[in-house]
Amino acid sequence: MKKTLALVVLAGLMLTGCGGTKEAAKPTAAAAVVEAIAVPSVLGLTLDKATAQLEDLGFKVEAKDTVDGKSIMSKKNWQVTSQDPTEGASAAKGSTVNLGVKSLEKIAAEKAAADKAAADKAAAEAAAAAKVAADKAAADKAAADQAAAKVAAEQAAQQAAKKAPAPAPVAPAPAPAPAVKVPAAVSYANCAAVKAAGAAPLYAGQPGYSTSLDRDRDGVACEK
């Protein structure tokens, strides 16, 4: 019986000890609850200012060059371009906020290139507009010159028409000469026939002349 009672007492003590352990562990579990904080936006800030703001809230900061992968020496020469967690997200105090950064030198170079490209584009557009205006002005001048030349030509034609003398009357074409009737060949048997025809004397070349009628061959026949 004594042994049995001793075992019961020992078991009670052990149970009491375990209960005390559980009760003591409760404050430890409550202390393990971590505070969650909303992550602010640090985009556009230099790395030194972004780091200071996040660390003041209890966060850790990891930064990385997302462009060239360069090592970060002076935080003030880098600008935050991305963050994880993003703005407004809840994160445990003491957790790490990862920042993507770009060097201010790189940003300045990109801005200079963008400004130059914009200036070149503006200059090209201005040159194109000036060419269009010049072409239009040249076309308008050519049209005006052509119109002026046409008016001048019309005026000159009108002046010339006023000064031009009246056209001379056109003489009618002469009537065609009557056709010469060629006499048929004439032949006389003798000078008596010539005289009877009233053709004496006959000269060489006249119709009816012949050497048989011109005895002395002087070109005159039947002269007597």
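Which hand does the link of cysteine 191 and cysteine 222 have? I will come to that after the fold.

First, the conventions. This is a predicted model, in which local features need pLDDT of at least 70 and side-chain atom pairs count only at pLDDT 80 or more, while totals for chains, interfaces and linings use all residues. Residues are numbered from 1 along each chain as its sequence is written, and side-chain values use heavy atoms, with hydrogens and water left out.

Now the overall picture. The protein has 4 helices and 7 strands; these are DSSP runs numbered from the N terminus, H or I of at least four residues for helices and E of at least two for strands. In sequence order the pattern reads α-β-α-β-β-β-β-α-α-β-β. Of the 224 residues, 15% count as buried, meaning under 20% relative accessible area, with exposed being over 50% and partly exposed in between, for a 1.4 Å probe and protein chains only.

Next, the sheet. Three strands form an open sheet in the order β2-β5-β3, with mixed pairing; two strands pair if DSSP finds at least two bridges between them. β2 (60-65) and β3 (78-84) are the edge strands, each with a single partner, so one side of each has no neighbour in the sheet. On average, neighbouring strands are turned by 35° against each other, direction ignored. β3 pairs with β5 (residues 96-103) in the antiparallel sense over 6 bridges. Glutamine 79 has lysine 102 in β5 as its bridge partner.

Two helices go with this sheet. Helix α2 (residues 47-56) lies across β2, β3 and β5 and runs at about 170° to β5. Helix α3 (residues 104-163) packs on the sheet and touches β3 and β5, its direction making about 50° with that of β5. Contact here means heavy atoms within 4.5 Å. Axes are lines fitted to C-alpha atoms, for helices over the stretch in contact, and angles run from 0 to 180 degrees between N-to-C directions.

Back to the cysteines. With a disulfide taken as a pair of cysteine sulfur atoms within 2.5 Å, the count is 1. Cysteine 191 is joined to cysteine 222, S to S 2.0 Å. The angle about the S-S bond is -85°, and the link is left-handed. Cysteine 191 lies in helix α4 (residues 191-197) and cysteine 222 in the segment after β7 (220-221), so the pair ties together parts 31 residues apart in sequence. Cysteine 191 is partly exposed at 24% relative accessibility; cysteine 222, at 5%, is buried.
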